[in-house]
Amino acid sequence: MFTKKDLVRLIIPLIIEQLLAVTIGLADTLMVSSVGEAAVSGVSTVDTINILLINIFSALATGGAIVASQYLGREDDSSACIVAKQLVYTVFAIAVAVAAVCVLAGGPLLVLIFGAVEPAVMNNCKIYFFWSALSYPFIAVYNGGAALFRAMGNSKISMFTSLLMNIINVCGNALLIYGFALGVAGAAIASLVSRLIGAILIITLLRNPHCRIRIESLTSWEFHPGMVSRILRVGVPNGMENGMFQIGKILVQGLVASFGTTAIAANAVANSIATFTNIPGVAIGLALITVVGQCVGAEDYTAARKYILKLLGVVYLSMGATCAVIYLLLPTLVGFFDLSPQTTALAQELMRVFLLACIFFWPSSFTLPNGLRAAGDVRFTMLVSVFSMWIFRVGLSYILGRGMGLGVSGVWLAMYADWVFRSAAFFFRFLQGGWKNRSLVA
């Protein structure tokens with residue numbers, strides 16, 4: 001169903017898009033670093049909540065993309081268009097509700113979760129969180145639209161939209177942080193504007209009558225409970241999985257916060273650099289949604305299995321090369337951040353171990369399950385991910401980090417244990433074949 005040329009045409013823009021997406025957060029961290037380590041820590045701390053919520057919105061978008069992909073595989077374009085409209089309505093409504101709660105109760109929420117942070121860090125957290133919350137509806141709509149374009153095999157649209165969003169964000173950062181001295185508020189406002197424009201553009205492009213998946217009119221209200229149910233059958237378990245994963249990370253972030261500003265800043269910088277190593281895996285994982293979804297819609301499980309193995313092999317090779325390059329450039333990359341010598345040394349120590357573990361365990365932990373989800377096998381991936389997150393990533397972090405006195409290094413070691421368990425579970429499921437015959441549109 002997909003030639004080598006088709007796969008390259010799908011994956012390359014996705015890699016570029018993921019690279020651009022990572023730079024939004026990295027640009028905030030780099031530019032805010034000029035304000036001080038308290039500002040860096042504030043942005044990093046709030047981003048754990050931002051990532052939690054944005055991942056839930058993305059999970060719903062993935063649910064819509066999987067259902068739409070399976071309809072395209074069945075050559076049922078009209079049903080795919082109905083899915084698209086219901087998806088946009090759903091993600092926008094949920095994101096507006098979440099944004100309202102965060103704006104109205106943001107301060108108490110931050111104190112409840114991160115009460116141990118220093119007052120200067122907490123002040124920056126509150127400012128950054130307020131402006132970030134206002135952008136949730138727009139990033140949710142953008143993610144939904146981008147997922148639909150990827151379901152069609154057209155990843156160039158989301159790539160170019162992401163490029164525009166990055167340009168707006170970086171220019172906005174420069175103007176608001178340096179020109180108007182707004183600090184973390186400037187970084188958040190720039191991201192808000194970029195996401196607003198991205199949402200408007202992606203919806204406008206989805207109205208193109210030549211697209212296989214299109215939205216003719218959002219003002220003409222339609223409600224199809226059957227389609228919404230199909231979206232939520234994937235989106236809810238996927239959202240619960242992503243949500244629980246990020247909640248666990250927030251709890252771990254709270255643990256890291258108790259280790260002091262040096263640990264917070266080193267953890268933030270290491271995480272910022274680490275995101276670049278995952279770009280090939282994340283991009284190809286998104287491609288698997290399209291490829292496997294269409295194969296399953298066409299009831300061709302042999303092709304689905306072949307593509308999962310083929311693309312997973314590409315992930316291992318590409319991430320191996322990426323990790324090797326970053327390992328060699330690590331002192332230079334960490335040097336871009338305006339950090340104290342102690343924080344710089346700790347960040348480099350964390351990254352060296354991470355790069356070695358990442359090569360062997362990250363692809364099978366996070367790319368492989370996307371193939372299972374695209375086939376409709378979302379319940380198994382959710383159960384494995386939630387169990388592993390709470391037992392290893394959270395529980396073991398407290399044992400190693402606080403109980404055994406390893407600090408932030410113990411937290412990262414617990415993360416690697418989480419990867420090992422996930423890899424074993426997902427490989428067994430794939431080889432055993434329990435992911436087959438779970439089509440959402442049969």
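Helix axes are lines fitted to C-alpha atoms over the stretch in contact, and angles run from 0 to 180 degrees between N-to-C directions. The model is predicted, so that local features need pLDDT of at least 70 and side-chain atom pairs count only at pLDDT 80 or more, whereas totals for chains, interfaces and linings use all residues. Residues are numbered from 1 along each chain as its sequence is written, and side-chain values use heavy atoms, with hydrogens and water left out.

**View 1. Packing of helix α2 against α3.** Helix α2 (residues 37-73) packs with α3 at an angle of about 170°, their axes lying 10 Å apart. α2 is therefore roughly antiparallel to α3 (angles over 145 degrees). The residues of this contact comprise 21 nonpolar, four polar and one charged.

**View 2. Crossing of α2 and α4.** Residues in contact (heavy atoms within 4.5 Å) include A38, G42 and V46 of α2 and V121, C125 and F129 of α4. By class, this contact of α2 with α4 has 10 nonpolar, six polar and one charged residues.

View 3. K85 is found in helix α3 (residues 77-114) and counts as buried because its relative accessibility is 7% (buried means under 20% relative accessible area, with a 1.4 Å probe and protein chains only). Leaving aside residues up to four places away in sequence, K85 touches I215, S217, L218, S220 and E222.

Conventions: Helices (H or I, at least four residues) and strands (E, at least two) are DSSP runs, numbered from the N terminus. Buried means under 20% relative accessible area, exposed over 50%, partly exposed in between (1.4 Å probe, protein chains only). Angles under 35 degrees count as roughly parallel, over 145 as roughly antiparallel, 65 to 115 as roughly perpendicular and the rest as oblique. Ala, Val, Leu, Ile, Met, Phe, Trp, Tyr, Cys and Pro count as nonpolar, Asp, Glu, Lys and Arg as charged, and the others, Gly among them, as polar.
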